Amino acid sequence: MKFIQTFQVFPDIPKPLAFLETLSRNLWWSWNQNAIELFRRINPRLWEASGRNPIVFATRIPQDRYEELAQDDSYLAHLEQVRKRYENRVLNQTNGESPWDEGETVAYFSMEFGIHETLPLFAGGLGILAGDHLKAASGLKMPLVGVGLLYREGYFSQYLDKDGWQQEAYPETDQYHLPLIKQKDKNGNSLVIRLAGIGGDIHAQVWQIDIGRIPLILLDTNLPENSSEVRDITARLYSGEQYTRLAQEVLLGIGGMRALDALGIHPTVSHMNEGHCAFVGLERLRQIMDRYDISLETAREIVPRTTVFTTHTPVAAGHDEFPPAMVKPYLQPLASRFGLSTDKLVALGQPDGAASESPFSMFILGLRTAQYINGVSQLHGRVARHMWSHIWPTRSDDETPITHVTNGVHIPTVLAPEIRPLFDRHLGPQWNMGSTIPENADRIDDIFDEELWQAHEMCRSRLIRTVRELMSRQYGRRNAPLNVMKTVESVLDQDVLTIAFARRFATYKRAHLLFQDPDRLEAIINSADRPVQFVFAGKAHPKDNEGKGIIRSLVDFGRRTNLRHRFTFIEDYDMHIARVLVQGADVWLNTPRRPMEACGTSGMKAALNGVLNVSIMDGWWCEGYSPERGWRIGNGEEYQDHNYQDVVESQALYNIIENEVAPLYYDRTAGGTPKAWLKMMKASMKMAMARFCSLRMISEYEERFYLPASRRYEELVADGGAEARRLGDQHRRFLDKWPQIKVAPPVRSAEGPFRVNQSFEVTTVVQTGELRPDEIKVELYYGKMRHLDRIDAPLVKMMRVKEERSPGTYLYCCQLPCTDSGRYGFTVRVTPDADAWIRYRPELLTWA
Ligand SMILES: *Cc1c(COP(=O)(O)O)cnc(C)c1O
């Protein structure tokens, strides 16, 4: 059977319902409850059975049901309402309010995108964040395009064997069940891009999926013209084989940029979501060189100044590294286009910069090709600055040029359907605009306690119902005996304090913390007057036996006869299960080993739904925590001895549940509702709405990075790249002449001690060599000292020329004001008077 011809048959949807098809082909429906209802009401059971996939659903609806709906006035009115909103939110032009000009585009690259459970393109938080990024960009009508890979099998689906050991299955997704648009070239043929692989070219089909207004461009190597190894590049996400991983990253970066080029998209800004995407910068150099006919040196002034790089991993070992020899074949064609040796190009990803045997680091390549670098929470920003300070050895940790933008969550995606009507009524029709409308958060106080509690109880019922259904399916698949099936069908109780723990079973997430003292945990669960029940979910990486072991011991624990009813694990954690849990639990538990959780977003989703957080002080919780909104386990301590830490923190956790959480939850002295608990719920919801909303996040990216970078791009490429060339000349001049700079130790006008409000003069002699004083900045660097050799929280003051001593030698001075009492230190340094990209070159900084 060599030539199998294929074709697809779709339902014949009556004309008045034609919009249903349009709607099913834009993921916009997935975060608009009214649109979801439009599908669901056709046949609610079938909707669930179709995995909430409108394309699959459409093929299963009998033709006569369509005919019936086409005559149903109420259905048609509903459809019209959704259609109008779709037009307004997705199709309409921005009417002049947008700060963006025609032709400006941000290209956002990511290995994963978590948009909806029907698209198997994500593994965890990083992907969900990327999905939220696109949804938020659509909400704010930003000119952004997503770029990723189309995995045939995605991550993996999880099931447990009868011993509780995780098994992985890789069901292949039927691409006809996804809203994929096959891109065509000018001649109407499939758009296939090519790039150099090992032993031949890699071909990839270019697809598009619409996420509201935002196109998500996806690459797929499953083509007949590829060898079977090349086809498998896009088979699985994080397959774990190093060479596949490298090929994926090459495809994403270089291939992704080629796909955009083939589509006529020339990004003014590129954004790399984690180091996986770092090859973007190299291909972008080539495209800019070709497009503006400029040199590599000039293009190298453009790319970093218009690139954003977000990192998520607070451990150095968590970043991808490859042997240089493995990388070379992929970079060889680019190197020859650049007129460089391949070694020289590969060195861009090596820590020492020069061609060496050091591993090629995607992270370092990212750092060297991006000016705007950020971590994903305040704490993570600090950790990242410390972790990468060796790349800027001449600066202190505080001055390492890595900042942070705290993540946020897409409110319309995660808000419980039961709470939406309350928001509609009390917050108004614009609640979906989250933090961009400050009143939204304030008005949460207007929701009546009884109403909120009722909505929350409905969420909890839905959680319990879902857990029972899923567990029945799980146990049914394992052919469990009848008595077990009976227990499973009635697990959990409606009125019991429900704690959820759902996350990847990576070791640092410490699911085992709760099991340090199993007997105490058992006593907590089976407390006579204040019982507690648990729901767990989450996957361990296929190669992580330790994570799998934790799942097994957890399942084992839940098998104790007196716990079965209150201790549950649901398989195959995905976005659907995540929504049910973050909406229906009472408490969201988070026990990472600080500072390993760079941000964490599931707790924000929980908070938005009035689910209270009990968490280690890590990631976002350092910013979100206050005693009115939740609980902290410990106070942000870090420990050398991990076993000791686990003992201390697990005891703290048990104490919190027993002494604080349960008593507050079960306090119904004010009537049927827990008043004090409800107060915390509202405070949590307000916090999430105001501060942890994805619109706040993307606005920060827009204002701080995207807009300045995009404007800069336009300036840099104007007149055939004249400005970029000028910067190139300036840059080279600095690198060339900088070794001539010499700074003498500073001299002060008085010895002190001083009183507050006094000041004294500091002077220093600087030899500028061939550089002119107007090309450099001489800075007084001073501040309080708690340590012998380090200035904490330094301040910087510009010094000015007092006199020219001789040609090229100047006396600089300034006043040092004593504003506060304490022990101080000061010194002097010289930096280029240039923009941030040049100023932060480590070799362009000279200390006295
Ligand atoms: C939100 C979400 C995550 C991220 O949660 P963390 O707090 O980072 O663990 C992971 N998986 C799914 C399915 C989610 O919805």
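Mentor: Let's start with Lys605, which sits in helix H24. Keep in mind that this is a predicted model. With a relative accessibility of 10%, Lys605 counts as buried, because the cut-off for that word is under 20%. The UniProt record, an unreviewed entry, carries the annotation "modified residue: N6-(pyridoxal phosphate)lysine" for Lys605. Look at the end of that side chain and you'll find one of its polar atoms 2.6 Å from an oxygen atom of the ligand. As for how well the ligand is wrapped up, on its own it has 390 Å² of accessible area, and the protein covers 92% of that.

Now bring in the neighbours. The shell around the ligand has 13 residues, and the closest are Lys509, Ala578, Thr601, Ser602 and Lys605. Lys509 uses its side chain here: a polar atom of it is 3.0 Å from an oxygen atom of the ligand. Thr601 works from its backbone instead, with a polar backbone atom 3.2 Å from a ligand oxygen. If you sort the shell by residue type, you get four nonpolar, five polar and four charged residues.

Where do these residues come from?

While you have H24 in view, step back to the loop that runs between strand E18 (587-590) and H24, where Pro595 is found. The peptide bond leading from Arg594 into Pro595 is cis, with omega near 0°. There is another cis bond to look up, from Gly752 to Pro753, again with omega near 0°. Pro753 is in the loop between strand E22 (747-748) and strand E23 (759-767).

Next, go to Thr307 in strand E10 (residues 307-310). Its relative accessible area is 2%, so Thr307 is buried. The Thr307 side chain has a polar contact of 3.2 Å with the side chain of Ser270, and a polar contact of 3.3 Å links it to the side chain of Arg284.

Tyr176 gives you another kind of setting, in the loop between strand E4 (166-169) and strand E5 (181-182). This tyrosine is partly exposed, at a relative accessible area of 45%.

Last, have a look at two backbone angles. Arg52 isn't a glycine, but its phi is positive, at about 50°. You'll find Arg52 in the loop between helix H3 (44-49) and helix H4 (54-60), and its relative accessibility of 12% makes it buried. Asp293 also has a positive phi, near 50°, without being a glycine. This aspartate is in the loop between helix H10 (280-292) and helix H11 (296-302), and at 69% relative accessibility Asp293 counts as exposed.

Technical notes: Residues numbered from 1 in each chain as written. Predicted model: local features only at pLDDT ≥ 70, side-chain atom pairs only at ≥ 80, totals over all residues. Heavy atoms only, no water. Near = heavy atom within 4 Å. Polar contact = N/O pair within 3.5 Å; in protein donor to acceptor, adjacent residues only side chain to side chain. Areas by Shrake-Rupley, 256 points an atom, 1.4 Å probe, with all protein chains shown as cover. Nonpolar A, V, L, I, M, F, W, Y, C, P; charged D, E, K, R; others polar. UniProt positions renumbered as here; feature names shortened; annotations may be inferred. Helix = DSSP H or I, 4+ residues; strand = E, 2+ residues; numbered from the N terminus. Buried < 20%, exposed > 50% of the residue type's maximum accessible area, 1.4 Å probe, protein only.
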